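Subject: Structure handover

Hello,

Here is the structure for you to look over. Please open it before you read on.

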Amino acid sequence: MQVPPIRLSPGFIADPDALFAALKTGVAWDERMKARKTASFGVSYDYAQIAYEEVPMPALLEALCARLEGELGFRPNNCLLNYYPDGASSMGFHSDQTAGLANGTGVAIISLGSVRAMAYRSKLDAALRVDYPLPNGSLLYMSGQVQQDWLHAIPKDPRAGERISLTFRAMRRQGSPG
Ligand SMILES: O=C(O)CCC(=O)C(=O)O
Ligand SMILES: [Fe+2]
């Protein structure tokens, strides 16, 4: 496959600047990670060696989960936010874990603020790289197949300003088969 089978919907959020401002000031950002700030809402989630406790989903994010359910056909129960203060903050190439996700569900990412590229690299052919700029207010959806065949990253970008990404997942409850 020459390109990752992602779905990118620009303009998913009607007023992305207002949402950015509300989250930047309203969220208690976790600074345990060096590369960027994070926050997790909803069911507990272990991510990048950090365990995030269960935290009730604020109404603002719950409303987005409801919209995503209409768009994707499943309702996320966790939202992991990343705050990239400037273009020096980044995320290295990785695939997201799929084992803990509800069957048949993927990862949805809403981008706010400065445009950054999502870079994909094929696991079968390391020379194959495809970059997608993620517009302010866009929705990106990655199925399990994308994680299986591709790595993704947010490379540094000296021209970029601040950005927030919201990553939504439907986590399987512990002990539940699907
Ligand atoms: O900030 C982004 O858009 C990428 C987020 C991501 O890949 C992740 O949290 O696993
Ligand atoms: Fe990821």
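First, the conventions. This is a predicted model: local features need pLDDT of at least 70, side-chain atom pairs count only at pLDDT 80 or more, and totals for chains, interfaces and linings use all residues. Residues are numbered from 1 along each chain as its sequence is written, while chains are lettered from A and ligands numbered from 1 in the order in which they are written.

Ligand site. The shell around ligand 1 consists of Leu80, Asn82, Met91, Asp96, Ile109, His152, Ile154, Ser165 and Thr167. A residue belongs there if its C-beta atom, placed from the backbone, lies within 6 Å of the molecule. Four of these residues are nonpolar, four polar and one charged. Here Ala, Val, Leu, Ile, Met, Phe, Trp, Tyr, Cys and Pro count as nonpolar, Asp, Glu, Lys and Arg as charged, and the others, Gly among them, as polar. Strands β5 (78-84), β11 (150-154) and β12 (163-169) each supply at least two shell residues. Helices (H or I, at least four residues) and strands (E, at least two) are DSSP runs, numbered from the N terminus.

UniProt, in an unreviewed entry, places "domain: Fe2OG dioxygenase" at residues 75-172. Such annotations may be inferred rather than shown by experiment. The span is 6% helix and 48% strand, with its end C-alpha atoms 12 Å apart.

Core. The largest nonpolar core has 34 residues. Such a core is a set of buried Ala, Val, Leu, Ile, Met, Phe, Trp, Tyr and Cys residues joined through C-beta atoms within 7 Å. Buried means 20 or more other C-beta atoms within 10 Å of the residue's own; exposed means 12 or fewer. Cys79, Leu81, Ile110, Ile164 and Leu166 touch the most other members. Elements that each supply at least two core residues include α1 (16-26), α2 (59-72), β5 and β12. Beyond four places in sequence, Leu81 contacts (C-beta atoms within 7 Å) Leu23, Val27, Thr38, Ala39, Ile164 and Leu166.

Helix α1. Leu19, Phe20 and Leu23 are buried. Down the axis of α1, the buried residues fall within an arc of 105°, so they line one face of the helix. Their cover includes β5, β7 and β12. Asp17, Ala18, Thr25 and Gly26 are exposed on the other side.

Helix α2. Leu61 lies here. Leu61 counts as buried because it has 20 C-beta neighbours inside 10 Å. Leaving out residues up to four places away in sequence, Leu61 touches Phe41 and Cys79.

Best wishes

Terms used. Contact = placed C-beta atoms within 7 Å. Arc of directions from axis to C-beta.
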